[in-house]
Amino acid sequence: LFTLKTHNRIQMFNASLRSISSFRSLCIERQDRCPPSHHHQSFSTSSPFLSKRWSGKSKYRGNITTLDDLERKTTTIKDKICPLQGLKYEDQLIKKKERAHQTLKQILIRIKEESRKRKIIPQWINEKKEGEDEICSLDSIIPSPIQNYYRNACQFTVGINLNKELTVGFVLERGIIEEAVGCLNIPDEMIQIAKFFQNFLRSYTFPTQSEPSKSYDMSKNVGVWRMLDIRYYANSKRGNVMLQLCTTLLNEGDWEDLQFKLSSEWDKSDCSRFSNCLLLQKYDGVSVAPLDTPQQVIWGGEDQIFESILGKKFFVKPGSFFQPNSSGAEELFKLVEQNCDANSIVLDVCCGTGTIGQIVSNKVNRVIGIDISQSSIESAEKNKLENKTNNATYICSPVEKSLSEIFYKHENNTNVIAILDPPRAGVHKSVITAIRGHRQIKKVILISCDDPGAVKNSLELCRYSSKTEPFRMVKSFCVDMFPH
């Protein structure tokens, strides 16, 4: 968590490291409208972060400098998916903390570079003492309470392995899929489900075809089987499974036959006890399916899928985002709640199923959740009723379009906290601009799962602008969401 402030405003930012899979949060304050320092200073642009990244040396393994390098040098799927699982967990945390410090240094360097170009230096930069080479302090790194088999969601690709056999697993290298064997982050229940589908897809033949169908080939836009989405929530012992396929070569009879035979085999298998719902999803496009692509239930019911987090119950629709490590999410949400002010209004941006806003709802005056996914908003509304969160409202809309209306209704409230929990790509620049443009927002908590995204969004929040007040970062936290 990073805290960004002006003298009147605070923002918290949480970012997760890509190559080491931990969450970090920044706290950022808004700067007062006091004049910045206009004298020019020369800043060193040498970056320890960049030097380590590109020098060809690394503390991780040999001359590997990035996760991409590590992936290119691996030979097994467990090395690809869990590159740190050969280290003791304590050593993993040390490496992740080192990376967090490097990122804090990189953010400060980038802000100084921006200030040098504009010849306008924020006062809080000038106030940094000699030797303070990080944008803010790193308060702590919190370990995941559960280190092994913790993932509650996985997407398995359907493709071919080295032996040209249809396989349900992860990408080992381009065009090659291998089973998720030996990965310490994948629960056995998911491995069993993936194996069931692999056996079924290898043997099943559509009525109109003479042999089992092949996996979908995006480069040629041919084939049927695309991917398998598995969710299994350990706290509630509930989950769902969704198989996605391309149906351009299938007719209605093929579709009905698949539903009947797959649901029948599933009902007889031991895997059915790990799931409350089995779904099929048609998607005939070339790229990744949009979030709200329809699914069809062929076994069980999707309204029974939920997870319990910090004493609250959250229903999760297939396709909606939910933190993939439930125990780690609890630690993360505790930090978020601790940094929310009493009697404030919380804007839960990219709210998903409403988890974070409803966790902090008992402490704050009001929660307003915003998301562009209709299915996520529907889940948030259902969770609101289940948890009796009477002070929450949810809006399905782009953030930048809804903020003006929200602040028009709450113009007299000057204590607003924005919680940002975006996808891996980070917060869109238009959202950052909208947040900076509303002075009522005193604090922002940004949750991110990508290192470059953390640097990019921090720079966008802290850089000087003649139109809006910048924030400044005050503190950061790490929560390890992805051991190994």
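Helix α8 covers residues 326-338 and holds both K334 and E331, three residues apart, about one turn of the helix. Helices here are DSSP runs of H or I with at least four residues, strands are DSSP runs of E with at least two, and both are numbered from the N terminus. The side chains of K334 and E331 meet in a salt bridge, 3.5 Å from N to O. A salt bridge means a side-chain nitrogen of Lys or Arg within 4 Å of a carboxyl oxygen of Asp or Glu. K334 is partly exposed, at 35% relative accessible area. Buried means under 20% relative accessible area, exposed means over 50%, and partly exposed lies in between, with a 1.4 Å probe and protein chains only.

This is a predicted model, in which local features need pLDDT of at least 70, side-chain atom pairs count only at pLDDT 80 or more, and totals for chains, interfaces and linings use all residues. Residues are numbered from 1 along each chain as its sequence is written, and side-chain values use heavy atoms, with hydrogens and water left out.

**Salt bridges**

- The whole structure contains 15 salt bridges.
- Side chains of opposite charge can pair when their charged atoms come close.
- R118 and E114 form one of these bridges, at 3.5 Å from N to O.
- R118 and E114 sit four residues apart in helix α4, so about one helical turn separates them.
- R118 is partly exposed at 40% relative accessible area, whereas E114 is buried at 18%.
- A network of salt bridges links E114, R118 and R463.
- E179 pairs with K195, and their closest N and O atoms are 3.4 Å apart.
- E179 lies in the loop between β7 and α6 (188-203) while K195 lies in helix α6, so the pair ties together parts that are 16 residues apart in sequence.
- Both partners are partly exposed: E179 has a relative accessible area of 27%, and K195 has 36%.

**The sheet**

- Seven strands form an open sheet with mixed pairing, in the order β7-β6-β5-β8-β9-β10-β11.
- The edge strands are β7 (176-178) and β11 (296-300); each has a single partner strand, so one side of each is left without a neighbour in the sheet.
- From one strand to the next, the twist averages 35°.
- Strands of a sheet pair through backbone hydrogen bonds, either parallel or antiparallel.
- Two strands count as paired if DSSP finds at least two bridges between them.
- β8 and β9 pair in the antiparallel sense, over eight bridges.
- M227 has Q244 in β9 as its bridge partner.

**Two buried loop residues**

- Q85 sits in the loop between α3 (77-81) and α4, and it is buried at 18% relative accessible area.
- A polar atom of the Q85 side chain lies 3.0 Å from the backbone oxygen of G182.
- Beyond residues up to four places away in sequence, Q85 touches K78, Q92, G182, C183, L184 and H484; contact means heavy atoms within 4.5 Å.
- S144 is in the loop between β4 (137-142) and β5 (153-160), and it is buried at 1% relative accessibility.
- The side chains of S144 and N325 make a polar contact at 3.1 Å.
- A polar contact is a pair of N or O atoms within 3.5 Å; within protein, one must be able to donate a hydrogen and the other to accept it, and residues adjacent in sequence count only if both atoms are side-chain atoms.
- Leaving aside neighbours within four places in sequence, the contacts of S144 include Y89, S327, G328, D480 and P483.
- S144 and L332 are 188 residues apart along the chain, yet 9.6 Å separates their C-alpha atoms.

**Positive phi**

- Most residues other than glycine have a negative phi, and most peptide bonds are trans.
- K119 has a positive phi near 55° and is not a glycine.
- K119 lies in the loop between α4 (89-118) and α5 (123-126), and it is exposed at 51% relative accessibility.
- K237 also is not a glycine and has a positive phi of about 60°.
- K237 lies in the loop between β8 (225-233) and β9 (238-245), and it is exposed at 54% relative accessible area.

**Cysteines**

- The whole structure has zero disulfides; a disulfide is a pair of cysteine sulfur atoms within 2.5 Å.
- C136 is buried at 6% relative accessibility, and C246 is buried at 2%.

How values were computed
Axes are lines fitted to C-alpha atoms, for helices over the stretch in contact, and angles run from 0 to 180 degrees between N-to-C directions.
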